[in-house]
Amino acid sequence: MSERLPDASLSSEARRFLAGRVVDDPVDFHRIDAIRREAHDGFRPAVDRAVERHALEWDEVELGGVRCTRLRSARTAQPRGTMLYCFGGGFFLGDPLSEFPVIGALAEWAELEIVAPWYRLAPEHPAPAAGNDCFAAWTALAESTDAALYLGGESAGGNLALRTAQLARDAGGQSPSALALLSPAVDLRPDRGLFGVTLEADPTLAHHTMESAHSVYVAGRDPADPSISPLFAGMEGLPPTFVTTGTRDLLLSMCLRLDRRMRRAGVEVETRVWDGLWHVFEFYDDYPESSESLAEIAAFLRSH
Amino acid sequence: MTSTDFAGRVVLVTGGASGMGAASARRFAAAGATVVLLDRNADGAAAVAAEIGGPEPLVGDVSDSAFCGEAVEATVARHGRIDVLVNAAGTIHRADSLGTDDADWRRVMGVNVDGMFWLCRAALPHMIEAGRGAIVNFGSIWGGVGSAGSTAYCVSKGAVHQLTRALALDHVEQGIRVNAVAPGEVNTPMLASERAAPPSAEDLQALADATIPMKRLADPDEIAAVVVFLASDDASYMTGEIVHVDAGYTAR
C-alpha cells in the first residue's frame with residue numbers, strides 16, 4: 001500500500017515506519033510470557049529516550065489495592081493535577097513503563113502527575129478484572145486528593161478509561177475534568193465487519209490478532225455488555241473528551257461511532273482523525289506526528 | 001441466557017405507568033433490566049419507577065412524533081442502548097363509527113398506531129447498530145376479530161398486527177425480532193375507561209361469563225409474562241408473530 005499511495009502528508013519518518021507490516025495471526029497465548037517480555041524489551045529504547053527527553057521521575061504507589069506507577073517530569077515544579085492513565089495492549093499485553101513515550105509527554109506538556117495502574121491482564125484475568133482494577137484505582141485516587149483529576153488511556157486502555165469515567169459518573173463520585181482517549185477499543189463485538197475501510201491498512205495491528213485478544217478478555221461474556229464495550233453505555237454527563245485516531249487506524253470506525261454517540265448525548269467531544277496514520281501512532285516516538293498529537297492532547301487537558 | 005436474565009439490557013416501556021405496561025416493567029426489572037418508562041402520566045410513571053428502582057421516566061404523548069424521537073435519543077444518551085422496546089401505550093374509544101368524531105378517530109389512531117410507528121422508527125437504527133434488538137407491540141384480540149362498538153380501536157389494533165409483521169420482515173436480517181401480544185379482556189384501567197360508570201366486580205364477572213371461555217379476566221401480569229418471553233432470547237426463533245393471550249377467546 002505504501003508503494004501505491006503517496007502519503008504526501010506524512011513525515012519521511014512516518015513513511016519509513018509504514019514499510020513494516022504486521023502479520024495477521026491470532027495471538028499464540030501458549031507463549032504469552034515470552035510475548036510480553038519481548039514486547040517490553042522491544043519498547044525499552046523508546047522508554048529510555050522518553051525518560052531523558054521529558055526528564056521523568058517515577059515511583060510506585062498502591063491505590064485501591066492496585067499497583068500503580070506514578071510519574072512526573074522534573075521540569076514541572078508543581079503539577080496542575082493528576083491523570084489516571086490506562087495503558088494499551090489488547091487487554092493481554094503492556095505495562096505502565098512501556099507507556100513512557102506517551103505519558104511522559106503528557107506529564108511534561110500538560111503539567112500533570114500521571115498515575116498508571118498495572119491492571120490485570122487476560123487470559124489469566126478475563127473481563128471485568130481490568131475494569132475493576134482501574135475503577136478501584138480511580139476511586140482511591142479521588143479520595144486521596146483535592147487536585148484536579150483527569151482520565152486517559154489508549155486502545156484497550158481507552159476502553160478502560162471510558163468505562164471508569166462512566167462508572168464514576170454513575171456512582172456520583174468525583175468525575176474527571178476531562179478525558180483523553182487514543183484510538184480507544186470501545187466495541188469488542190467480534191465478526192461484525194466493524195473495522196470498515198481500515199481493514200488491512202494498519203501497519204501495527206491486524207484484524208485476527210485483535211479479535212483473538214478480545215476473545216480471551218471477553219471470555220464468553222456478552223461482548224455488547226457496557227462493562228465490556230463501553231460504546232453501549234450511556235454517554236450523557238461525561239466530561240469533555242478528546243479522541244485521536246487516524247485514517248489507517250484499524251479502530252477508526254469505532255472511534256468515529258464513539259464521537260457520534262458522545263455528540264448526540266451532548267458531550268463536548270473533539271476527535272482528531274490524522275491523515276494516513278495508524279492505531280495509537282502516538283505510542284511510537286520516531287516521527288513528528290506523534291509529538292504534535294500529544295501536544296494537542298496536552299493543550300486540551302490544560303484547558304479543562 | 002434465559003428469559004429471566006436481562007442484566008445489562010435496557011428496556012423502554014411505553015404506557016409504563018399502569019396496567020400491562022407497568023406489569024411488564026416490573027417483570028423486566030425483576031429480570032435485571034434497566035427499565036425506562038415512558039408515559040404521559042408523570043405521577044403514575046414516577047411511582048412505578050420508584051417501585052422498581054428504575055431511572056427517571058420520560059413524560060409525554062406518544063402521538064407526538066418529535067417527542068418519540070427525543071425519548072429514544074434520551075434513552076440512548078443516558079443508558080447507551082435500547083435492547084428492547086415494548087409499545088404498551090394504548091387508548092380506546094367505545095363507540096361505533098357514527099359515535100366517532102374526527103378527534104376521537106385521530107386520538108385512537110395517534111396513540112395506538114402513529115405512536116407505535118414513531119417509536120419503532122426511532123429505536124430501529126440503534127438496534128441495527130447493535131446488531132440485535134426486540135420489539136414487542138400490544139395488539140389485541142380485536143386486531144384479528146371484529147367487535148361491535150369500538151370501531152377505531154379495532155382498526156388501530158389491526159394496524160398494529162400488520163405493522164408488527166411488516167417491521168419483522170423489514171429487519172429480520174439485521175438481528176431484530178418484532179412480535180406482538182394480543183391480549184383478551186384484562187383487568188386494567190383502560191378496561192374501565194370510557195364507560196358510563198366504573199364497572200363493579202359483578203359487572204366484570206358478567207362480562208367474563210358472557211365472553212371468555214375461562215370465565216375470568218386476565219391479571220396484567222399474565223400478559224406481562226408473555227411480553228418478557230417474546231423480548232427474551234428464549235424467543236429467538238420468533239418474529240412477525242401475533243401471540244394471543246386471551247383465555248380461549250379467539251379459539252372459537
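A residue counts as buried here if 20 or more other C-beta atoms lie within 10 Å of its own. Keep that cut-off in mind, because burial by this count comes up in both chains. The model is predicted. The predictor gives the complex an ipTM of 0.73 and a pTM of 0.86. Chain B averages a pLDDT of 94, and 98% of its residues score at least 70.

Start with helix α7 of chain A, residues 252-264. The helix has 13 residues. From first C-alpha to last, α7(A) reaches 18 Å, close to the 18 Å expected at 1.5 Å a residue. Several of its residues are buried: A:Leu252, A:Met254, A:Cys255, A:Leu258, A:Arg261 and A:Met262. What covers them? After the helix comes A:Gly266. The phi of A:Gly266 is positive, near 80°.

One pair can be followed in detail. Strand β6 of chain A, residues 179-182, runs parallel to β7(A), and four bridges join them. Look for A:Leu181: its bridge partner in β7(A) is A:Val243.

Now move to a loop of chain A. Between β3 (81-86) and α3 (100-109) of chain A lies A:Leu93. Is A:Leu93 buried or exposed? A:Leu93 is buried, because 21 other C-beta atoms lie within 10 Å. Which residues does A:Leu93 contact, leaving aside its neighbours within four places in sequence? The contacts are A:Ile35, A:Arg36 and A:Ala39. Take A:Ala39. In sequence, A:Leu93 and A:Ala39 are 54 residues apart. In space, their C-alpha atoms are 8.0 Å apart.

Next, see where the chains meet. Chain A gives 13 residues to the contact, and chain B gives nine. On the chain B side, the largest share comes from helix α3 of chain B, residues 65-79, with four residues. By class, the side of chain B that touches chain A has two nonpolar, four polar and three charged residues.

Chain B has its own open sheet. Seven strands form it, in the order β3-β2-β1-β4-β5-β6-β7. The pairing is parallel. Why are β3 (58-59) and β7 (242-245) of chain B left without a neighbour on one side? They stand at the edges, each with a single partner strand, so one side of each has no neighbour in the sheet. Begin at the β3 edge. Strand β2 of chain B, residues 34-39, runs parallel to β3(B) and is joined to it by two bridges. B:Asp39 stands opposite B:Val59 in β3(B).

Helix α1 of chain B, residues 19-30, touches β1 (10-14), β2, β4 (84-87), β5 (133-138) and β6 (176-183) of chain B. The direction of α1(B) makes about 170° with that of β1(B). Helix α5 of chain B, residues 151-170, touches β5, β6 and β7 of chain B. The direction of α5(B) makes about 160° with that of β6(B).

Look inside the sheet at β1(B). Five of its five residues are buried. In a regular strand the side chains alternate between the two faces of the sheet. In β1(B), B:Val10, B:Leu12 and B:Thr14 point one way, and B:Val11 and B:Val13 the other way. β1(B) pairs with β2(B) in the parallel sense over five bridges. Within that pair, B:Val13 stands opposite B:Leu37 in β2(B).

End with β5(B). Six of the six residues of β5(B) are buried, so the strand is largely enclosed by the rest of the structure. Both of its faces are covered. On one side lie B:Gly133, B:Ile135 and B:Asn137. On the other lie B:Ala134, B:Val136 and B:Phe138. β4(B) pairs with β5(B) in the parallel sense over four bridges. There, B:Asn87 stands opposite B:Asn137 in β5(B).

Notes
Residues are numbered from 1 along each chain as its sequence is written. Chains are lettered from A and ligands numbered from 1 in the order in which they are written. A residue is buried if 20 or more other C-beta atoms lie within 10 Å of its own, exposed if 12 or fewer, and partly exposed in between; C-beta atoms are placed from the backbone. Two residues are in contact if their C-beta atoms, placed from the backbone, lie within 7 Å. Ala, Val, Leu, Ile, Met, Phe, Trp, Tyr, Cys and Pro count as nonpolar, Asp, Glu, Lys and Arg as charged, and the others, Gly among them, as polar. Two strands pair if DSSP finds at least two bridges between them. Axes are lines fitted to C-alpha atoms, for helices over the stretch in contact, and angles run from 0 to 180 degrees between N-to-C directions. The expected span of a helix is 1.5 Å times one less than its number of residues. pLDDT is the predictor's confidence in each residue, from 0 to 100.
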